[in-house]
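Visitor: I would like to learn how to read the features of a protein structure. Please take them one at a time.

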Amino acid sequence: MEDSLEQKWKQREFTLESVSDLSSAPPSASLPGIARFDSDGLQIHHQSQQIPLSIDPRTVLLFKLSPVQSVCVVEGSEPLFSRGVSIQFKNEEESAAFHCVVQQWKKEVHAQGGNGRNGTVTTSKSKFDEKIESSSAKMYFHYYGQLLHQQNMLQDYVRTGTYHAAVIENRSDFAGRVVVDVGAGSGILSLFAAQAGAKHVYAVEASEMAEYARKLIAGNPTLAQRITVIKGKVEEIELPEKADILISEPMGTLLVNERMLESYVIARDRFLVPTGKMFPSLGRIHMAPFTDEYLFIEIANKALFWQQQNYYGVDLTPLHGTAFQGYFSQPVVDAFDPRLLIAPSIFHVIDFSKIKEEELYEIDIPLKFVASVGTRVHGLACWFDVLFNGSTVQRWLTTAPGSPTTHWYQLRCVLSQPIYVMAGQEITGRLHLIAHNAQSYTIYLTLSAKMWGPGAEQGGILQTSSCKLDLKEPYYRMSQPQAYAFAQDQQPQLLIPTQDIHIQSQDVDEPEIVRQPSPNSSVQIDSLMQNI
């Protein structure tokens, strides 16, 4: 176990602004250091020497004292006391990445076996329980255990209709096959699979909705005899046979919110035969810069409350800056007019059939656009689509702006400091997503405008704006697209023609405003796309 872990983690190293051993008397001086993962666990060094603290990822307790400072504690056994070390990172992003790696390490150790260093047997949690905070999981399963929320999804006719078409039009993939429905909810997808002739369907649902699914399925007796509802998590349950088909609706806002894609991938590794199919088989996160003065003013105006200097005799202004940044830390979920996009979109591909679960813990997407108009850039607009790669018909389910609205809407990350661009100016940046244990992601966005015009090749970055957002806490604006007036130097952006998938079919419903892949897509796009 240790050899395999060493090979996987030996390159994970973090530079620390300061390190202090809290166990010494008095505590050691704070000096720059390094945190390194190797076969012995987590090693923390001063620049001059290693701190004498053995940190086993199975037993380490990690506490955040601030966005950039943490304490690692290892519980001691009599007659030893607990040992601790204080570490400080250079920025919040490094701190979040470190905590993510510790979480990955602990998961790997438990997955590879529960034997401790002294041969003792430890009790390991499931993969889900190891990485997800229990209070978040409780709220999550309570939410999806209610019929009113299932109804909201069922009444999303774009979603439900696309799934039904993808299954029924590909009967040859389902007929006589064993199907596993991951996160079955009401059981609607299991019923679709049975309608398509599945030999047997295992509907796996962890919430109390499993009981409603049993009732709904039992009420359709011609299909019920081929469906078994299993209450539990895919990380924990066992099935009597392997699956030929996995079907699921694991998508959240921005595709990855709620972190159910990880459960979908785990189900693939546990239950799917090597030649099996996944419905859907891949997803794409689309991104483009946008301008929306109305939205920017709306968010900024929310903080005006805190500019009151005489609120019942109290001056609220000391909290205005914090409130202002707080409102801009919320991604905006709504439907917007695609003419607000000021550059052709790019996309980042996640191939569900190939990606490893741990690769979803941290998603790093470089951004590069060319502005089509001169305007203020207020942030980055995002949406997603997924492909049902059936043997007979390939279908896309899209949440793109300008397409029929779904319950996912679209998502926009709004900068508190917009940047200015001219037509033809290059916009670069980075979208960095780091998973956290509340079943969501912290979003780090940076957009920069490069020098434009004569001599631009010698110029560097002209303006940069960054923001940090919590995908778990969005601003649900959810308004319908509005008609926006454009300035004289701005022309409404035309919908960009799409590229064809290599798979030949006239029934592929390809989203309309896809243009080019992100520079480091998760799979080789050349094998999927033509003429890009």
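**Reading the features**

Guide: Q439 counts as buried, because its relative accessibility is 3% and buried means under 20%. Keep in mind throughout that this is a predicted model. Q439 lies in the loop between β19 (426-436) and β20 (440-450). Although Q439 is not a glycine, its phi is positive, about 65°.

Visitor: Which other residue has a positive phi although it is not a glycine?

Guide: L255 is one, with a phi of about 75°. L255 is found in the loop between β10 and α11. With 0% relative accessibility, L255 counts as buried.

Visitor: Where does L255 belong in the nonpolar core?

Guide: A nonpolar core is a set of buried residues joined through side-chain atoms within 4.5 Å. Here the largest nonpolar core has 100 residues, and L255, M287 and L367 touch the most other members. A second, separate core has 22 residues, including L16, I44, V60 and A97.

Visitor: Which residues does M287 touch, not counting residues up to four places away in sequence?

Guide: On that count, M287 touches S345, I346, F347, H348, I365, L367, F369, L380, A381, C382 and L431.

Visitor: Next, salt bridges. How many does the structure hold?

Guide: A salt bridge pairs a side-chain nitrogen of Lys or Arg with a carboxyl oxygen of Asp or Glu within 4 Å. The structure holds 24 salt bridges. One of them joins R159 to E249, with the closest N and O atoms 2.7 Å apart. R159 is in helix α6 (residues 157-168) and E249 in the loop between β10 (243-248) and α11 (260-271), so this pair links distant parts of the chain, 90 residues apart.

Visitor: Are R159 and E249 buried or exposed?

Guide: R159 counts as buried at 8% relative accessibility. E249 is buried too, with a relative accessible area of 11%.

Visitor: What is the case for the salt bridge of E238 and R270?

Guide: The side chains of E238 and R270 meet at 2.8 Å, N to O. E238 lies in the loop between β9 (227-231) and β10, while R270 is in helix α11, so the pair ties together parts that are 32 residues apart in sequence. E238 is exposed, with a relative accessible area of 60%. R270 counts as partly exposed, at 23% relative accessibility.

Visitor: Which residue meets R268 in a salt bridge?

Guide: The partner is D269, at 2.9 Å from N to O. R268 is buried, with a relative accessible area of 11%, whereas D269 counts as exposed at 51% relative accessibility. Elsewhere, salt bridges that share partners join K127, K131, R259, E262 and E357 into one network.

Visitor: How do I read a pocket?

Guide: Rolling a probe the size of a water molecule over the atoms shows where empty space is left. In this structure, the largest pocket has a volume of about 1200 Å³. It is lined by 50 residues, and the closest to its centre are Y140, Y143, Y144, M153 and E258. The elements that give two or more residues to this lining are α4 (134-144), α5 (147-154), α8 (188-195), β8 (200-205) and α11.

Visitor: Which element gives the most to the lining of the largest pocket?

Guide: That is α4, with 6 residues. By class, the lining has 26 nonpolar, 14 polar and 10 charged residues.

Visitor: Is α8 mostly covered or exposed?

Guide: α8 is mostly covered, with 7 of its 8 residues buried. The buried residues in α8 are I188, L189, S190, L191, F192, A193 and A194. After α8 comes G197, which has a positive phi near 95°.

Visitor: How far apart are L223 and G197?

Guide: They are 26 residues apart in sequence and 9.3 Å apart in space, C-alpha to C-alpha. L223 is found in helix α10 (residues 221-224) and counts as buried at 13% relative accessibility. Not counting residues up to four places away in sequence, L223 touches L191, A194 and Q195.

Visitor: Last, the peptide bonds. Is the one from F279 to P280 cis or trans?

Guide: The peptide bond from F279 to P280 is cis, with omega near 5°. P280 lies in the loop between β11 (272-279) and β12 (282-290).

Definitions and conventions: Residues are numbered from 1 along each chain as its sequence is written. This is a predicted model: local features need pLDDT of at least 70, side-chain atom pairs count only at pLDDT 80 or more; totals for chains, interfaces and linings use all residues. Side-chain values use heavy atoms; hydrogens and water are left out. Buried means under 20% relative accessible area, exposed over 50%, partly exposed in between (1.4 Å probe, protein chains only). Contact means heavy atoms within 4.5 Å. Helices (H or I, at least four residues) and strands (E, at least two) are DSSP runs, numbered from the N terminus. On a 1 Å grid over the protein atoms alone, a cavity is a set of points where a 1.4 Å probe fits but cannot get out, and a pocket is an open set with protein on both sides within 12 Å along at least five of seven lines; lining residues have an atom within 4 Å of a point. Grid points are joined across faces, edges and corners, and a volume is the space filled by probe spheres set on the points. Ala, Val, Leu, Ile, Met, Phe, Trp, Tyr, Cys and Pro count as nonpolar, Asp, Glu, Lys and Arg as charged, and the others, Gly among them, as polar.
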